[in-house]
Amino acid sequence: MSAAIENNVRSILVVDDDPTLRRSYAIALARAGHQVQEAPSGEAAVRLCEQQKFSLLITDMIMPDMDGLETIRRVRVIQPEIKIIAMSGGGRMEAINYLMLAVKLGAHRAMQKPFGVSEMQNMVANVFTEPNF
């Protein structure tokens, strides 16, 4: 178990190619008391996960270069115990289809965009209060 989790410090990585959304989620989660880092792409998220442990990954599903499904798959290999929230507003297929695939790959929760900051904070709180966290 990582030192961050043992000390009950919750480190969150927010991944979204939309800088405005990514920043607003990060600010809201930091205000809720979490340590938050941001990644503009799945590739950047994977690199960060190779360097440090995170309690939670929140990732968009539709991103250029590496989509959220591949990001989840690769992060799961590096950090099998990480909690994951997938989010999507859709793309080539309906958002719900991406989110269902994300859950099959091990996402603990899925959120369809658009959603408010308070919904994000509530979802994160629920993930952290699940048994075995």
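**Confidence, burial and ring contacts in a predicted model**

The model is predicted; the protein chain averages a pLDDT of 87, and 86% of the residues score at least 70. Over residues 1–8 the pLDDT is below 50, and this stretch has four contacts in the model beyond near neighbours in sequence.

Q: What makes up the secondary structure of the protein chain, and in what order do the elements run from the N terminus?
A: The protein chain has six helices and five strands. From the N terminus on, the elements run α-β-α-β-α-β-α-β-α-β-α.

Q: Why is Arg22 called buried?
A: The relative accessible area of Arg22 is 12%. Buried means under 20%, so Arg22 is classed as buried.

Q: Where is Arg22 found, and which residues is Arg22 in contact with, leaving aside its neighbours within four places in sequence?
A: Arg22 is found in helix 2, residues 19–31. With those neighbours left aside, Arg22 is in contact with Val14, Asp16, Asp17, Glu38, Ala39 and Pro40.

Q: What makes the approach of the Arg22 side chain to the side chain of Glu38 a polar contact?
A: The distance given for the two side chains is 3.2 Å. The cut-off for a pair of N or O atoms is 3.5 Å, with one able to donate a hydrogen and the other to accept it; the pair Arg22 and Glu38 is listed as such a contact.

Q: How many aromatic pairs does a search of the whole structure find?
A: The search finds one aromatic pair.

Q: Why are the rings of Tyr25 and Phe115 called a pair, and why is that pair called stacked?
A: The ring centres of Tyr25 and Phe115 are 5.3 Å apart, and the planes stand at 15°. Rings pair if their centres lie within 6.5 Å, and planes under 30 degrees apart count as stacked; therefore Tyr25 and Phe115 form a stacked pair.

Q: Which parts of the chain does this pair link?
A: The pair links distant parts of the chain, 90 residues apart: Tyr25 lies in helix 2, and Phe115 in the loop between strand 5 (109–112) and helix 6 (117–128).

Q: How do you know whether Tyr25 and Phe115 are buried or exposed?
A: Tyr25 has a relative accessibility of 3%, and Phe115 has a relative accessible area of 11%. The limit for buried is under 20%, so Tyr25 counts as buried and so does Phe115.

Q: What places Arg10 over the face of Phe128?
A: Arg10 lies at 4.6 Å from the ring centre of Phe128. The distance limit is 6 Å, joined to a limit of 35 degrees from the ring normal; Arg10 is listed as lying over the face of Phe128.

Definitions and conventions:
Residues are numbered from 1 along each chain as its sequence is written. This is a predicted model: local features need pLDDT of at least 70, side-chain atom pairs count only at pLDDT 80 or more; totals for chains, interfaces and linings use all residues. Side-chain values use heavy atoms; hydrogens and water are left out. pLDDT is the predictor's confidence in each residue, from 0 to 100. Contact means heavy atoms within 4.5 Å. Helices (H or I, at least four residues) and strands (E, at least two) are DSSP runs, numbered from the N terminus. Buried means under 20% relative accessible area, exposed over 50%, partly exposed in between (1.4 Å probe, protein chains only). Rings of Phe, Tyr and Trp (its six-membered ring) pair if their centres lie within 6.5 Å; planes under 30 degrees apart count as stacked, over 60 as edge-to-face and the rest as tilted.
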